[in-house]
Amino acid sequence: MKNNEKGYVSFVLHAHLPFVHHPESENYLEEEWLFEATSETYIPLLTNFKKLEEEKVDFRITMSLTPPLLSMLASPLLQERYIKYLNKHIELCEKEVIRTQDNERLNRLSKYYLDRYTSDLHIFRDVYNCNIIEGFKHFQDIGVLEIITCGATHRLLPSYVCK
């Protein structure tokens with residue numbers, strides 16, 4: 001590129017997890033990666049996109065959603081297991097709220113996580129009917145989110161230069 005030519009930069013959110021679905025085992029540890037990512041990334045993204053939509057903020061985001069991730073998010077068994085994961089964490093948080101009642105700092109933290117997991121359960125089950133893919137599709141349909149996919153060798157994609 002010559003000094004007087006303009007260039008462009010695109011920031012793309014990349015959503016990917018390795019395929020970790022194992023229907024033969026009820027407690028496959030790696031499936032928790034998906035559950036943690038759902039609570040820590042995908043639900044917060046959807047919540048913030050919704051807030052921007054409600055506040056009429058004109059935003060544009062490009063995000064990749066890889067086939068392994070979409071396959072896992074669409075799995076009824078993994079959706080059911082995510083609800084169990086949330087319920088288990090909610091139960092633990094309820095016990096922690098009681099256990100930490102004499103420690104204000106820890107009690108606040110326990111209540112924070114109780115509220116957070118309870119909210120995640122509500123959003124996942126009641127708002128998105130266990131299908132957060134539809135949540136992302138909504139934002140694509142209204143024109144604020146461009147969903148792209150990714151190749152199997154996605155770790156090599158930054159090596160390619162577009163001309």
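Leu109 is located in helix H4, which spans residues 104-127. The model described here is predicted.

Together with Tyr112 and Tyr113, Leu109 forms a nonpolar patch on the surface. The accessible area of these three residues together is about 280 Å².

The structure contains 1 cavity of 30 Å³ or more. The largest cavity holds about 70 Å³ of space. Its lining consists of Leu34, Phe35, Thr38, Met72, Leu73, Ser75, Leu78, Gln79, Tyr82 and Phe124.

At least two residues of this lining come from each of helix H1 (31-54), helix H2 (67-74) and helix H3 (76-99). In terms of class, the lining of the largest cavity comprises 7 nonpolar and 3 polar residues, with no charged residues.

## The second largest pocket

A space of about 220 Å³ lies in the second largest pocket. The residues that line this pocket are Glu26, Asn27, Tyr28, Leu29, Glu31, Glu32, Phe35, Arg81, Lys84, Tyr85 and Lys88. Two or more lining residues are given by each of the elements H1 and H3, and H3 gives the most, with 4 residues.

Sorted by class, the lining of the second largest pocket has 6 charged, 4 nonpolar and 1 polar residues.

Note on methods
Residues are numbered from 1 along each chain as its sequence is written. This is a predicted model: local features need pLDDT of at least 70, side-chain atom pairs count only at pLDDT 80 or more; totals for chains, interfaces and linings use all residues. Side-chain values use heavy atoms; hydrogens and water are left out. Patches are made of residues with over 30% relative accessible area and no salt bridge: like charges are joined within 9 Å, nonpolar side chains (Val, Leu, Ile, Met, Phe, Trp, Tyr) within 5 Å. Accessible areas come from the Shrake-Rupley method with a 1.4 Å probe; for residues, only the protein chains shown count as cover. A salt bridge is a side-chain nitrogen of Lys or Arg within 4 Å of a carboxyl oxygen of Asp or Glu. On a 1 Å grid over the protein atoms alone, a cavity is a set of points where a 1.4 Å probe fits but cannot get out, and a pocket is an open set with protein on both sides within 12 Å along at least five of seven lines; lining residues have an atom within 4 Å of a point. Grid points are joined across faces, edges and corners, and a volume is the space filled by probe spheres set on the points. Ala, Val, Leu, Ile, Met, Phe, Trp, Tyr, Cys and Pro count as nonpolar, Asp, Glu, Lys and Arg as charged, and the others, Gly among them, as polar.
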